[in-house]
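These notes are meant for someone opening this entry for the first time. They go through the structure point by point.

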Amino acid sequence: GVDSLMRITPSVLKVHNTREDAWSAFNGKVYNITAYLSFHPGGEKELMRVAGRDGTKLFALTHAWVNVDFMLDSCMVGFLVSEPSS
Ligand code: HEM
């Protein structure tokens, strides 16, 4: 449920940038894309380009018509937020 979703900063997102632990953000939502990597029609290598970072722009450039919200709903881990200011 929405209660278990996290607020994730870019520096936290960045840690999850490996084949075994890949997160990416699309339109403000952070997804664990690890399980989806080998199923991506565009290939694992393409998808790994956005591991650990915000993939919104690359996603929009390649296939804006694909509904990532719908496809990866069960893989959503939280919302991308700004780094806290100090
Ligand atoms: C193709 C899903 C992220 C590059 C596709 C297709 C789907 C898909 C469903 C087939 C589309 C079609 O045939 O109309 C996703 C999902 C993503 C994601 C759910 C996010 C988790 C990305 C990213 C890139 C990318 C970030 C680029 C860095 C491509 C390319 C194709 C493709 C190049 C075309 C493959 C081909 O037709 O030969 N993707 N994609 N995708 N995707 Fe992704």
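1. Buried means a relative accessible area under 20%, exposed means over 50%, and partly exposed lies in between. Ser24 has a relative accessible area of 0%, so it counts as buried. The model discussed here is a predicted one.

2. Ser24 belongs to strand β3. A polar atom of its side chain lies 3.1 Å from the backbone oxygen of Arg53. Leaving out residues up to four places away in sequence, Ser24 touches Leu13, Lys29, Val30, Tyr31, Ile33, Val50, Arg53 and Gly55.

3. The iron atom of the ligand has two protein donors, His40 (NE2) and His63 (NE2), at 1.9 to 2.0 Å. The two come from distant parts of the chain, 23 residues apart: His40 sits in the loop between β4 (29-32) and α2 (44-48), and His63 in helix α3 (residues 56-63). Both His40 and His63 are buried.

4. What is the arrangement of the 6 donor atoms around the iron atom of the ligand? The angles they subtend run from 86 to 177°, so the arrangement is octahedral.

5. The ligand has 18 residues around it, and those that come nearest are Tyr36, His40, Glu46, His63 and Trp65. For His40, a polar side-chain atom is 2.8 Å from a nitrogen atom of the ligand. For His63, an N or O atom of the side chain is likewise 2.8 Å from a ligand nitrogen atom.

6. In the pair of Phe26 and Tyr31, the ring centres are 6.2 Å apart and the planes stand at 40°, so the pair is classed as tilted. Phe26, Tyr31 and Phe59 make up one aromatic cluster. Phe26 has 5% relative accessibility and is therefore buried; Tyr31, with a relative accessible area of 1%, is buried as well.

7. Is Asn27 buried or exposed? Its relative accessible area is 58%, so Asn27 counts as exposed. Asn27 is placed in the loop between β3 (21-26) and β4. The phi angle of Asn27 is near 50°, a positive value in a residue that is not glycine.

8. His16 is in the loop between α1 (10-15) and β2 (17-18). With a relative accessible area of 14%, His16 is buried. Its contacts, apart from neighbours within four places in sequence, are Asp21, Ala22, Trp23, Ala51 and Gly52.

9. Leu58 is part of helix α3, the helix that also holds His63. Its relative accessibility is 23%, so Leu58 is partly exposed. Not counting residues up to four places away in sequence, Leu58 touches Arg49, Val50 and Arg53. Val50 and Arg53 are also among the residues that Ser24 touches. From Leu58 to Asn17 the separation is 41 residues in sequence and 16 Å in space, C-alpha to C-alpha.

Technical notes: Residues are numbered from 1 along each chain as its sequence is written. This is a predicted model: local features need pLDDT of at least 70, side-chain atom pairs count only at pLDDT 80 or more; totals for chains, interfaces and linings use all residues. Side-chain values use heavy atoms; hydrogens and water are left out. Rings of Phe, Tyr and Trp (its six-membered ring) pair if their centres lie within 6.5 Å; planes under 30 degrees apart count as stacked, over 60 as edge-to-face and the rest as tilted. Buried means under 20% relative accessible area, exposed over 50%, partly exposed in between (1.4 Å probe, protein chains only). Donors are N, O and S atoms within 2.8 Å of the metal (3.2 Å for Na, K and Ca); water is not among the atoms, so sites may look incomplete. Four donors count as tetrahedral if all angles lie between 85 and 135 degrees; four count as square planar and six as octahedral if opposite donors are over 155 degrees apart and all others between 65 and 115; anything else is irregular. Helices (H or I, at least four residues) and strands (E, at least two) are DSSP runs, numbered from the N terminus. Contact means heavy atoms within 4.5 Å. A residue is near a molecule or strand if one of its heavy atoms lies within 4 Å of it. A polar contact is a pair of N or O atoms within 3.5 Å; within protein, one must be able to donate a hydrogen and the other to accept it, and residues adjacent in sequence count only if both atoms are side-chain atoms.
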